[in-house]
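Me: I am new to this structure and would like a careful look at a single part of it. Please take the place asked about below and follow it into its surroundings.
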Amino acid sequence: MIAWSEDLALGVAAIDDQHKELIRRFNALLTACNEGKGGDQLRATLEFLKSYVVEHFRDEEQLQIRSGYPDYPGHLEKHREFVGKLATLRDQFDDEGASLPLIIKTNSTLVDWLVTHIRRDDQKVGAHVRRCGTAA
Ligand SMILES: [Fe+2]
């Protein structure tokens, strides 16, 4: 399980709430796996992620444009890569259903995203926004 902590916060409530929701969904998938119900939860998780990233990335990208974030193009590229990874997971789900390797792959894709993107890349955006006073 991954717990929300303040070092994950950007200081922008709408974005922080979206990150909290992602962590909740990730934890729900882990809990389901532990209860032997990972297959059911995998479909729900992939469906959630499909619409979640559209809204969440749009909000994050608008924040970066608004605040003149200097590494916006690099950050955008990472969002696109993640959208591509999610599409691959959905394709694999369509092909093989909720297989154990796919559940494991989905878990590790999400952990990697939480640890490397939200904790590192998004934090840089948060620091920029706080510095520039454009969080509102
Ligand atoms: Fe991001």
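In which helix does Asp 91 lie?

Reply: Asp 91 lies in helix H3, which covers residues 72-96, a helix being a DSSP run (H or I) of at least four residues, numbered from the N terminus. This is a predicted model, in which local features need pLDDT of at least 70 and side-chain atom pairs pLDDT 80 or more, while totals for chains, interfaces and linings use all residues. Residues are numbered from 1 along each chain, and side-chain values use heavy atoms, without hydrogens or water.

With 47% relative accessibility, Asp 91 counts as partly exposed, the class between buried (under 20%) and exposed (over 50%), found with a 1.4 Å probe and protein chains only. Together with Asp 94, Asp 95 and Glu 96, Asp 91 forms a negative surface patch, that is, like charges joined within 9 Å, from residues with over 30% relative accessible area and no salt bridge (a Lys or Arg side-chain nitrogen within 4 Å of an Asp or Glu carboxyl oxygen).

His 79 counts as buried at 1% relative accessibility, and Asp 122 is buried with a relative accessible area of 1%.

How values were computed:
Patches are made of residues with over 30% relative accessible area and no salt bridge: like charges are joined within 9 Å, nonpolar side chains (Val, Leu, Ile, Met, Phe, Trp, Tyr) within 5 Å. Accessible areas come from the Shrake-Rupley method with a 1.4 Å probe; for residues, only the protein chains shown count as cover. Lys and Arg count as positive and Asp and Glu as negative; His and the chain ends are not counted. The place of a charge is taken as NZ of Lys, CZ of Arg, CG of Asp or CD of Glu. Helices (H or I, at least four residues) and strands (E, at least two) are DSSP runs, numbered from the N terminus.
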